[in-house]
Protein chains: 2
Amino acid sequence: MTIKIGIVGYGNLGKGVETNIKNNPDMELVAVFSRRQLAGTISGVPAVTIDKIEEYKGKIDVMILCGGSATDLDIQGPQISKHFVTVDSFDTHPRIPEYFAKMDAVAQEAGTCSIISVGWDPGLFSLARLLGNCVLPNGKDYTFWGKGVSQGHSDAIRRIPGVKNGKQYTCPKQEVMDSVRAGENPEVKGNEAHTRVCYVVPEEGADLAAIETAIKTMPNYFVGYETYVNFITEEEFNREHTGIPHGGFVFRTGESSEGVKHVYEFALKLDSNPEFTSSVLLAFARGINRMAQTGAKGCFTVFDIPFAWLSPKSGEELRAHLL
Amino acid sequence: MTIKIGIVGYGNLGKGVETNIKNNPDMELVAVFSRRQLAGTISGVPAVTIDKIEEYKGKIDVMILCGGSATDLDIQGPQISKHFVTVDSFDTHPRIPEYFAKMDAVAQEAGTCSIISVGWDPGLFSLARLLGNCVLPNGKDYTFWGKGVSQGHSDAIRRIPGVKNGKQYTCPKQEVMDSVRAGENPEVKGNEAHTRVCYVVPEEGADLAAIETAIKTMPNYFVGYETYVNFITEEEFNREHTGIPHGGFVFRTGESSEGVKHVYEFALKLDSNPEFTSSVLLAFARGINRMAQTGAKGCFTVFDIPFAWLSPKSGEELRAHLL
């Protein structure tokens, strides 16, 4: 029996889930829900307005919430979790405990299961950090992000007068990563471990020096960072910078006994941040569906799901081929 | 309440567990069991002969079986699992299903829990492979080992006439790893992806050319591999080659949709293979202890344990700091 999936929210992430369903033959997409009345869906499944979502009770096993943390999930998460098993990618790290508590209360009361903060960070990177901490309890954590597009920084650049288009990549500093890999345990803050590389298409006749200064002196976004500004043509921008790549590195370095060092590293290099995140959401949709089948209720995170539950394969197959 | 640990077998691995206990304040070492009558233990806990192990029923929560797969675990695993919750590092990959079945039958009948094949490969590498397969279902797996000491190959070198001492390192080929990292999906066999680098201390007056030929033409061990033989002095050997470093790389490369590629990588660089393996055994001792507390019985693997159970921290702490 296939796992019946609903998608809530039809932006990059929702479309990514729709695209990735075909890589998971044990899953079936039933409908896409949106606040707007959509013209249709790429896959041809019904596009339904979200006020009709309760009509799908019993017809959908897992709802994948593809809204943003900042606005949608805070409201939609608890509403939908009241009626469905849900997965979401809530990614505002400092607010996770508060969101967890809210989702847990709803799911406990309704007898459903939810898993929050699924994706690659939070998500796979969190798992890498936790496992690293458990196997090297006497050690140090490092997370590097990039090379990847920061949507917030790109938006900030585009608001500067004279900027026609712009994109910002966050890049880990190679020399800092090399030092971590060598087990040197450097003390570095985030702004010392990353550079910000900007590609800007200026308006005709714009003051390039002024744009560069406006970027480099922008508080919260660029001040304190080694920032590079490259002016390029619109053609180059459209050829080289329309993707949404991302990725990063998690390290745990530690000693098991005096002077005996170990370096643990997890890395991702992603052509498309939303497509990969979608793929992770689907794996954990399978996991939370299994969790719900055990009769559990409440809110969970990636830390609570045994990896065997993420796979469509049997325990026997997994032990024979992947252990 | 601390988790009470027993160690069975007092070689490199057993001593590694003893060393690593101090990094896990929620654990307490109760005794070391051995077939031999040991003179004592490094930590001062009692050294007990294995025939008295049943006297420790109720006094030990988890027995960590530190014998080798080839000889000890096949016998000791089922015997000890009859009376105790156990963890072991059974690492003969093709025989895992058979060993699992045997351990599962015993544990089901006795009402205990066992977790087998814990360490870094099988173990952390297996987890990396499984997660990679789940989040990139349309993809390809690669595992590289090294730079690390192969005990079997080192032994084989030392049996060659004229060899006083020797050590063999398995090394991944950088160009193959680079190709995988670049998403080129090369088709390579293990012998094409690794080199074998040997350090040999010859007896005085030994025929070096004959030793080199004996190594490079040794079937099963070296034939088919790019093999390098370095003759060194005993002093250099003792200075540079007494450690047991190891490590390796797991990759999953795949596409989420046509042409949209992702590279997933997990890597370990270990100063001491047995010390790190011991540390992993302890984390999973915590995990299987939690599993036993749920009332579960039978045999499990790393695929069955949620990462939250590997940590001494509460779910709340983990969500606040590591998610």
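## The lining of the largest cavity

By class, the residues lining the largest cavity comprise 14 nonpolar, no polar and no charged residues; Ala, Val, Leu, Ile, Met, Phe, Trp, Tyr, Cys and Pro count as nonpolar, Asp, Glu, Lys and Arg as charged, and the others, Gly among them, as polar. The model is a predicted one, in which local features need pLDDT of at least 70 and side-chain atom pairs count only at pLDDT 80 or more, while totals for chains, interfaces and linings use all residues. Residues are numbered from 1 along each chain as its sequence is written, chains are lettered from A and ligands numbered from 1 in the order in which they are written, and side-chain values use heavy atoms, with hydrogens and water left out.

A cavity is a set of points, on a 1 Å grid over the protein atoms alone, where a 1.4 Å probe fits but cannot get out, and its lining residues have an atom within 4 Å of a point. Of the 14 lining residues, A:Leu131, A:Tyr264, B:Leu131, B:Tyr264 and B:Phe266 lie nearest the centre of the largest cavity. The elements giving two or more residues to this lining are helix H4 (124-135) and strand S13 (260-270) of chain A, together with helix H4 (124-135) and strand S13 (260-270) of chain B. Helices (H or I, at least four residues) and strands (E, at least two) are DSSP runs, numbered from the N terminus.

## Chain A as a whole

Chain A contains 11 helices and 14 strands. Its C-alpha atoms fill a box of roughly 60 × 60 × 35 Å along the principal axes.

Of the 323 residues in chain A, 58% are buried. Buried means under 20% relative accessible area, exposed over 50%, and partly exposed in between (1.4 Å probe, protein chains only). Among contacts (heavy atoms within 4.5 Å) in chain A between residues at least 6 apart in sequence, 68% join residues at least 24 apart.

## Cysteines

Over all chains, the structure holds 0 disulfides, a disulfide being a pair of cysteine sulfur atoms within 2.5 Å. The closest cysteine sulfur to that of A:Cys198 belongs to A:Cys171 and is 9.6 Å away, too far for a bond. B:Cys198 is likewise in no disulfide, with the nearest cysteine sulfur, that of B:Cys171, 9.6 Å away. A:Cys198 is buried at a relative accessible area of 0%, and B:Cys198 also counts as buried at 0%.

## Backbone and loops

Most residues other than glycine have a negative phi, and most peptide bonds are trans. The peptide bond from A:Gly146 to A:Lys147 is cis, with omega near 0°, and so is the bond from B:Gly146 to B:Lys147. B:Lys147 lies in the loop between strand S7 (139-145) and strand S8 (148-149) of chain B.

A:Asn220 has a positive phi near 70°. This residue is in the loop between helix H8 (208-216) and strand S11 (226-231) of chain A and is exposed, with a relative accessible area of 77%. B:Asn185 has a positive phi of about 45° and is partly exposed at 34% relative accessibility.

How values were computed:
On a 1 Å grid over the protein atoms alone, a cavity is a set of points where a 1.4 Å probe fits but cannot get out, and a pocket is an open set with protein on both sides within 12 Å along at least five of seven lines; lining residues have an atom within 4 Å of a point.
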